[in-house]
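Please consult the sequence and structure shown below while reading.

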Amino acid sequence: MSCRQLSHFLSENLGELKTKGLYNVIDPLQSANGPTILIKGRELINLSSNNYLGLATDSRLKQSAVEAIQKYGVGAGAVRTINGTFELHLELEEKLAKFKRTEAAVAYQSGFNCNMAAISAVMDKNDAILSDELNHASIIDGCRLSKAKIIAYKHSDMDDLRMKAEQARNGAYNKIMVITDGVFSMDGDIARLPEIVEIAEEFDLITYVDDAHGSGVLGEGAGTVKHFGLSGKVDFQIGTLSKAIGVVGGYVAGKQELIDWLKARSRPFLFSTSLSPADVAASIKAIDLLSNSTEQIRQLWENADYLKAGLKKLGFDIGNSQTPITPCILGDEIITQEFSRQLNAEGVYAKAIVFPTVPRGTGRVRNMPSASHTYQMLDTAIAVYAKVGRNLGVIH
C-alpha cells in the first residue's frame with residue numbers, strides 16, 4: 001500500500017503542472033535521432049536534437065563503436081581508478097586536450113557530471129562563485145554541491161559582474177570563481193568572454209566556461225574560448241561529447257595539475273563506472289573528423305542562417321541568438337505547448353520549452369537545425385511555422 005501523503009503530493013502537483021502547460025510529454029523515437037525522426041509511425045522533420053553536425057548517425061562513428069565493442073566489450077566494468085581505464089580513454093583525453101588547446105583533459109560520463117565533479121572538487125564553503133543568472137541547471141547544482149557562497153550576476157551584464165567581483169574580493173573568501181556558459185542553451189547568445197577574462201584577471205578570479213553548446217560549433221569546432229582567441233586564459237573548459245560530437249559523455253580541459261587533481265578528488269570520476277568502449281571510440285573518431293575538416297560546421301551555420309532568416313521574415317521573435325540555437329519566443333506557456341502540438345501534427349518536431357527550464361512568461365519553441373538538414377526540409381518547416389503561427393494568431 002502506497003503512502004497517502006506521497007500520493008496526494010504527486011496527484012496535486014502533477015495536475016497543477018498539466019493545468020499550467022508545464023507538463024512535458026516524452027515522445028519515444030522509433031528511429032535514429034537524425035534530421036528526420038519516426039514517432040508513432042510518422043516521419044517528422046526534427047528540429048529538437050542537439051546532434052548539430054549529424055555525427056550521431058555517421059557511418060564512420062558507428063563502425064568505430066562496433067570495432068571497440070568487438071575488442072573491449074560493451075561496458076568498462078569498473079571505475080577509472082580500479083581497472084575501468086582502457087587505453088582508449090587515455091587516447092580520447094589526449095585528443096581532447098589537443099583539440100581544446102590545453103595541457104590535459106579528463107573524460108566523464110556526461111556533461112552534467114562534469115559540473116558536479118569539477119566545481120565541488122575545487123570550491124568549498126570558504127569560497128565564492130560568481131555565476132551568470134542564466135547558467136545551465138548542471139552548473140547551478142554543481143555550485144550548490146560545493147557549498148560555496150553563490151553570487152548570481154545579471155545575465156551577461158559586465159558592470160554587475162565587476163561590482164560583485166569587487167565585493168567578493170573584499171570579503172573573507174579563500175577563492176573566487178566566475179562561471180558562465182559559453183553559449184546559452186535557451187537563447188543561443190554567446191558569453192562575453194573577453195570581458196569576463198579581463199575582470200577575472202583584475203580581481204584574480206578562477207575562470208570556468210561550460211562550452212556544451214559551443215564545442216563543435218564555434219572556433220572551428222574548438223569552442224567559445226578559441227572563438228575569442230583566449231586559449232590559455234581560461235582555467236576550466238567544460239565540454240560535452242553528447243551534442244556536436246554525437247555520442248555521450250563530457251570532459252574537463254585545462255592545466256595538467258588541474259586534471260591530476262580532478263582525477264584524485266572528483267567524485268564522479270572516483271565512484272562511477274567509466275564511459276563504455278564504444279562511446280569512447282566513437283568520440284575519438286568524431287574528434288579526428290573535426291580536427292581534419294570544418295565542412296560540417298560550415299554546413300551547420302549555413303542551415304542555421306537559412307532557418308533564422310525564414311522565421312524572422314515571417315515575423316517570429318527569435319530573440320538575440322548568435323548561434324544555430326533558434327528560439328521562437330511565444331511567452332504564454334499554454335500557447336507555447338499548443339504551438340508545438342500543432343507543429344507536430346503538421347510534420348515538424350520542435351519541442352516547447354517552458355518553466356522551469358526558462359523563466360515564467362518566456363515560453364518558446366526551440367529549433368536546433370543541423371548540418372544534416374536539407375534546404376527542402378527547412379523550407380517545409382518554415383511553411384509549417386507560417387501555417388501554425390497564423391492559425392494561433394502569433395503572426396499575421
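## Lining of the largest pocket

In this predicted model, the lining of the largest pocket comprises 14 nonpolar, 13 polar and 7 charged residues. The space in the largest pocket amounts to about 820 Å³. The lining is formed by 34 residues, and those closest to the centre of the pocket are His-136, Ala-137, Ser-185, Met-186 and Thr-357. Two or more lining residues are given by each of helix 4 (111–122), helix 5 (137–146), strand 8 (236–240) and strand 13 (363–367).

## Second largest pocket

The second largest pocket holds about 390 Å³ of space. Val-25, Asp-27, Ser-340, Arg-341 and Lys-351 lie nearest its centre, among 17 lining residues. Helix 13 (residues 333–345) supplies the largest share of this lining, with 5 residues. Sorted by class, the lining of the second largest pocket has 6 nonpolar, 5 polar and 6 charged residues.

## Packing of helix 4 and helix 5

Two packed helices are described by the angle between their axes and the distance between the axes. For helix 4 and helix 5, the axes come within 8 Å and cross at roughly 30°. Because angles under 35 degrees count as roughly parallel, helix 4 is roughly parallel to helix 5. The crossing of these two helices is right-handed.

On the side of helix 4, the contact is made by Phe-112, Asn-115, Met-116, Ile-119 and Ser-120. Helix 5 contributes Ser-138, Ile-139, Asp-141, Gly-142, Cys-143, Leu-145 and Ser-146. By class, the contact of helix 4 with helix 5 divides into 6 nonpolar, 5 polar and 1 charged. Both helix 4 and helix 5 also give two or more residues to the lining of the largest pocket.

## Packing of helix 6 and helix 7

The axes of helix 6 (residues 158–169) and helix 7 (residues 193–203) come within 10 Å, with a crossing angle of roughly 20°. Helix 6 is therefore roughly parallel to helix 7. Their crossing is right-handed.

Met-158, Leu-161, Arg-162, Ala-165, Glu-166 and Arg-169 make the contact from helix 6. From helix 7, the contact involves Glu-195, Ile-196, Glu-198, Ile-199, Glu-202 and Phe-203. The contact of helix 6 with helix 7 has 6 nonpolar and 6 charged residues, and no polar ones.

## Packing of helix 12 and helix 14

Helix 12 (residues 295–314) and helix 14 (residues 375–391) have axes that come within 10 Å and cross at roughly 25°. This angle makes helix 12 roughly parallel to helix 14. Helix 12 passes helix 14 with right-handed geometry.

The contact residues of helix 12 are Glu-302, Asn-303, Tyr-306, Leu-307, Gly-310, Leu-311 and Leu-314. Those of helix 14 are Tyr-375, Leu-378, Asp-379, Ile-382, Tyr-385, Ala-386 and Arg-390. In the contact of helix 12 with helix 14, 9 residues are nonpolar, 2 polar and 3 charged.

## Backbone geometry in two loops

Most residues other than glycine have a negative phi, and most peptide bonds are trans. Phe-355 and Pro-356 are joined by a cis peptide bond, with omega about 15°. Pro-356 is located in the loop between strand 12 (352–353) and strand 13.

Lys-147, although not a glycine, has a positive phi of about 70°. Lys-147 is placed in the loop between helix 5 and strand 5 (149–153).

How values were computed. Residues are numbered from 1 along each chain as its sequence is written. This is a predicted model: local features need pLDDT of at least 70, side-chain atom pairs count only at pLDDT 80 or more; totals for chains, interfaces and linings use all residues. Side-chain values use heavy atoms; hydrogens and water are left out. On a 1 Å grid over the protein atoms alone, a cavity is a set of points where a 1.4 Å probe fits but cannot get out, and a pocket is an open set with protein on both sides within 12 Å along at least five of seven lines; lining residues have an atom within 4 Å of a point. Grid points are joined across faces, edges and corners, and a volume is the space filled by probe spheres set on the points. Helices (H or I, at least four residues) and strands (E, at least two) are DSSP runs, numbered from the N terminus. Ala, Val, Leu, Ile, Met, Phe, Trp, Tyr, Cys and Pro count as nonpolar, Asp, Glu, Lys and Arg as charged, and the others, Gly among them, as polar. Axes are lines fitted to C-alpha atoms, for helices over the stretch in contact, and angles run from 0 to 180 degrees between N-to-C directions. Angles under 35 degrees count as roughly parallel, over 145 as roughly antiparallel, 65 to 115 as roughly perpendicular and the rest as oblique. A crossing is left-handed if the near helix is turned anticlockwise from the far one by less than a right angle, and right-handed if clockwise. Contact means heavy atoms within 4.5 Å.
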